[in-house]
Amino acid sequence: MTRDKVRIRRDIASMSAYTPTTSLDVFAKRLGLPAEDLIKLDANENPYGPSPRVVEALASLPNMQVYPDPESGRLRELLAEYTGVPAAQILCGAGADELIELILQLFIEPGDAIINTPPTFAMYSFNAPLYHAEVIDIYRRADFSLDLEAMAEAVTRRNVKLVFLCSPNNPSGGLIAREDIRTLLALPTTIVIDEAYIEFAEQESLAQWVAEYPNLIVLRTLSKWAGLAGLRVGYGIFPRALMPHLWKIKQPYNVNVAADLAARVSLHDAEHLQERARHLARQRERMEIAFAELPYLAPYPSQSNFVLNRVTGMSAADFRDRLARAGIIVRYYNKPRLYDHIRISAGKPDQVDRLLEVLRALHSDNVL
Ligand SMILES: *Cc1c(COP(=O)(O)O)cnc(C)c1O
């Protein structure tokens, strides 16, 4: 018998594939509808797109033949102004997703564990095994609050290097109570708080807390509020002591010249983009109120640009398919605790009008 020459890691060979959201073209083809008629409310993207000034700036993007600034120096200065945190404690990445990986690389040695609090954003537990981290899942309570006792116990009993938290949480939409975060910060482990949706919330970012706690990392991104998801630019706010080590392991050219310029122009236009984010938050409020009036949806209170609903009287997958046939794409999770749930992202007012019209028609036609 010949021995295989090509031997990839056995754990990767047996790993299941991550399924990112499907592109609009793929959906359109599958549904037999033109892509421009679809209303995409499945990925929490910003329906207004980026700032018009970004579109203009990128049309004449200079220096594409030159490598980007490995320190993203100018961008970090602007982020320091925007967050009120010194630039020396900010590190940029190709999306917050890259920083999640970088944090795992920095902390995890074989035998270490991370705490994940499902239902939550999938990337924490998805990336962890690649870096040999054991994932301890501590499910949220029925109201999606954290099970602090179980988390504290896991930290005492196991080698928990990192606790990944998401606030506002994707997909449930709510913020983690500040006193809960204080309780967790007292534990002998590092807490990573992903604030991808904080610009849609009525509460301030915890960025300032990093000065106070040597075991707190805050992740943020321009993907959602600034509409730059496709360009991949996010950032982390880190305790001072971690920065020299992060610089050692970061890919030097992780933030490309287009993303860097787009992020800087967005920060110069932050007021306008924040006004749009508030506008989307108002559409989300409108959705929450309307959903609560439908007999088959029970929305959870949200502080983000999406609403999670429990679906009753039919399967959530069926509900998703019915909306898809009407050209509206929403997110269904084939996962524990979420089998009977649907997440719907806030759209522009006319998109929300159409969504509510379809939902009410489903109801009054009694097709359910
Ligand atoms: C969308 C999302 C991100 C992705 O951030 P990128 O900067 O686009 O990588 C991170 N965290 C959560 C919870 C998200 O929903």
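Of the 13 residues around the ligand, the nearest are Asp194, Tyr197, Thr221, Ser223 and Lys224; a residue counts as near if one of its heavy atoms lies within 4 Å of the molecule. The model is predicted: local features need pLDDT of at least 70, side-chain atom pairs count only at pLDDT 80 or more, and totals for chains, interfaces and linings use all residues. Residues are numbered from 1 along each chain as its sequence is written, and side-chain values use heavy atoms, with hydrogens and water left out.

By class, the shell around the ligand holds five nonpolar, four polar and four charged residues. Here Ala, Val, Leu, Ile, Met, Phe, Trp, Tyr, Cys and Pro count as nonpolar, Asp, Glu, Lys and Arg as charged, and the others, Gly among them, as polar. Polar contacts were assigned to pairs of N or O atoms within 3.5 Å. In the side chain of Asp194, an N or O atom is 2.5 Å from a nitrogen atom of the ligand. Thr221 places a polar side-chain atom 2.5 Å from a ligand oxygen atom. For Asn170, an N or O atom of the side chain is 2.9 Å from an oxygen atom of the ligand. The ligand taken alone exposes 390 Å², and the protein buries 94% of that. Accessible areas come from the Shrake-Rupley method with a 1.4 Å probe.

Asn170 also takes part in a cis peptide bond, to Pro171, with omega near 20°. A cis bond also joins Ser167 and Pro168, at an omega of about -5°. Pro168 lies in the loop between strand 5 (160-166) and helix 8 (178-185). Pro171 is found in the loop between strand 5 and helix 8. Helices (H or I, at least four residues) and strands (E, at least two) are DSSP runs, numbered from the N terminus. His132, not a glycine, has a positive phi of about 65°. His132 sits in the loop between helix 6 (123-127) and strand 4 (134-137). Most residues other than glycine have a negative phi, and most peptide bonds are trans.

The pocket is lined by 20 residues, each with an atom within 4 Å of a point. Nearest its centre lie Ile198, Glu199, Ala201, Gln203 and Glu204. Helix 4 (73-83) and helix 11 (270-292) are the elements that give two or more residues to this lining. Helix 11 supplies the largest share, seven residues. The lining divides into seven nonpolar, five polar and eight charged residues.

The count of salt bridges comes to 21, with a side-chain nitrogen of Lys or Arg required within 4 Å of a carboxyl oxygen of Asp or Glu. One of them pairs Arg53 with Asp269, the closest N and O atoms being 3.3 Å apart. Arg53 belongs to helix 3 (residues 52-59), and Asp269 to the loop between helix 10 (257-268) and helix 11. The pair links distant parts of the chain, 216 residues apart.

Terms used
1 Å grid on protein atoms, 1.4 Å probe; cavity = no way out; pocket = protein on both sides within 12 Å on 5 of 7 lines; lining within 4 Å. Polar contact = N/O pair within 3.5 Å; in protein donor to acceptor, adjacent residues only side chain to side chain.
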